[in-house]
Amino acid sequence: MTQREPPLTAEGSYVLHDFRTVDWDAWRDAPEHERQRALEEGEDFLVHREHAARSESGQSALYSILGHKADLLFLHLRPEMADLDRIERSFEDTALAAFTERATSYVSVTEASGYGEQTREYLAGETDEDAAIGDYIDDRLHPEIPDSEFVSFYPMSKRRQPEQNWYDTPYDERAEHIMRHADIGRDYAGKVEQMICSSVGLDAHEWGITLWTDDLTDVKDLLNEMRFDPSTSQFAEFGDFLVGRKFPPADLPAFFAGEDVPAPESQGEGGGHHHGEGETHAHGDDAEHAHGGEGHHHGEEGHHHGEEGHHHGDDAEHAHGQDDDAGGPPPGVRDELEAEGVYGGQPHGEDVYAVVLYSEADVDELYDEMDGLRGNFEHYDRHVKTAVYENAGGPHAVASVWEAQEAADTASGFLTDLPGIVRQAGDDADSDTWGTMGMFYTTKPDRRAEFVEKFETVGGVLADMDGHINTDLLANVEDENDMFIASRWQSRDDAMAFFRSDAFSDTVDWGRDVLADRPRHVFLA
């Protein structure tokens with residue numbers, strides 16, 4: 001009998017999914033003072049867990065569960081199993097615990113498995129410890145609980161039937177299953193994020209899968225498509241699915257009163273849910289992002305010269321420059337733009353980050369070099385897009401958009417190695433100037449020529465405005481309808497004078513008919 005080769009694995013945070021039902025009859029019959037005490041102690045317990053999590057390198061979250069299987073989910077991630085043990089016992093000391101019973105629970109540990117070549121080499125110690133793949137693995141082992149509205153949890157195992165035995169399948173065949181399975185997940189980047197946890201030896205199944213999304217139909221579509229992939233149809237067995245909605249502990253009174261949660265005043269704050277554009281997280285596009293480690297694999301193997309994380313979509317990016325801690329223009333500028341009918345981005349919740357470098361190299365040479373680097377970037381969730389934009393009147397640009405500031409900063413270090421780089425947007429010699437960048441104007445295909453003509457007209461207006469230095473229109477070499485406009489001004493006041501002008505207002509109104517998406521403005525200072 002042949003001994004099959006198991007994959008190498010790495011483990012990170014221990015995870016407890018604690019599902020609770022509420023004894024609603026006991027709750028209704030309890031005196032008001034007892035219910036009030038239960039709510040106060042329950043909120044204190046959960047808030048303390050959230051605060052303690054940050055100091056313990058862990059996380060906690062609260063969800064309202066739909067259906068009969070449970071009413072609440074307490075989700076805890078901690079570095080040690082002892083931490084989860086303490087949390088479980090601490091809750092039983094609260095008055096709220098007396099009104100709940102545990103419907104089910106699941107104990108597991110986050111896992112990265114080494115079916116992909118580069119992950120396997122890293123886990124085997126055959127790759128430099130400073131390699132970028134290590135950043136990816138660390139993110140898999142220490143994930144962040146997103147602010148997505150919905151959560152879907154289910155356990156799964158691999159079949160061990162005579163003709164469908166995953167554990168008696170040769171290693172290369174298992175790896176091929178996983179990599180093919182990964183391709184399916186790529187289509188759900190920006191829609192679903194997952195946490196993969198191993199429960200071999202810890203619970204009834206072999207993996208616990210947690211999916212987060214702002215649209216449950218995306219989870220349905222994803223899993224339905226994966227049902228038809230052989231790695232699932234031949235080898236996967238599932239437990240019960242439980243679905244819930246995230247809400248902050250402060251809304252426990254609203255939950256028990258049958259009111260909306262998150263409560264309206266808490267939406268968009270800590271623990272609340274957001275529906276800004278591009279707010280969901282990626283599901284796929286990163287190496288060894290395995291659904292169950294050896295099960296539903298949603299990424300491709302590879303490494304990149306940057307970092308990975310969450311994806312905000314393909315066409316609706318609004319990048320913000322590196323001019324303040326929030327990663328975007330100061331709030332006052334946002335407010336001024338909104339007053340002028342110009343979208344300046346949100347300070348939190350839907351920002352993405354751009355690095356733009358200018359090159360004097362031949363555009364074809366620049367594209368070829370960029371494309372190779374982009375292939376590495378695309379293995380990471382936080383990567384939104386990287387493209388070359390051709391500038392007929394000056395240096396071409398490479399724009400790389402990421403969800404996280406640190407990822408964009410890391411990527412910039414590698415983008416500077418592209419041929420002919422002369423400067424990075426925002427790094428002008430005259431640091432007192434003010435830069436604006438509209439990213440990205442996606443025109444309707446039949447209106448592109450009209451858009452270019454309008455730009456030339458507006459360019460004439462700009463040339464006569466005080467403080468205007470230059471303005472360029474650049475087009476994506478892969479999609480001529482995807483463009484951005486970069487301007488440089490002597491000061492912020494000069495730029496704002498243009499934004500308040502009738503010419504700009506007319507252009508904004510006109511653009512609503514010409515553009516395929518809402519225009520955004522980016523500030524690089």
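Let's start with helix 13: the face turned away from its buried side carries the exposed residues Ala449, Glu453, Glu456 and Ala463. Exposed here means over 50% relative accessible area, buried under 20%, and partly exposed in between (1.4 Å probe, protein chains only). Helices (H or I, at least four residues) and strands (E, at least two) are DSSP runs, numbered from the N terminus. Bear in mind that this is a predicted model, where local features need pLDDT of at least 70 and side-chain atom pairs count only at pLDDT 80 or more, while totals for chains, interfaces and linings use all residues. Residues are numbered from 1 along each chain as its sequence is written, and side-chain values use heavy atoms, with hydrogens and water left out.

On the buried side of helix 13 you'll find Arg448, Phe451, Phe455, Val458 and Leu462. Looking down the helix axis, these buried residues fall within an arc of 75° (taken from the directions from the axis to the C-beta atoms), so they line one face of the helix.

Now for the nonpolar cores, meaning sets of buried Ala, Val, Leu, Ile, Met, Phe, Trp, Tyr and Cys residues joined through side-chain atoms within 4.5 Å. The largest has 24 residues, and Ile137, Phe377, Val388, Val398, Trp402 and Leu415 touch the most other members. Helix 11 gives the most to this core, with five residues. A second, separate core of 22 residues includes Phe45, Leu96, Leu252 and Phe255.

Last stop: Ser199, in the loop between strand 8 (192–198) and strand 9 (207–213). Ser199 is buried, at a relative accessible area of 0%.
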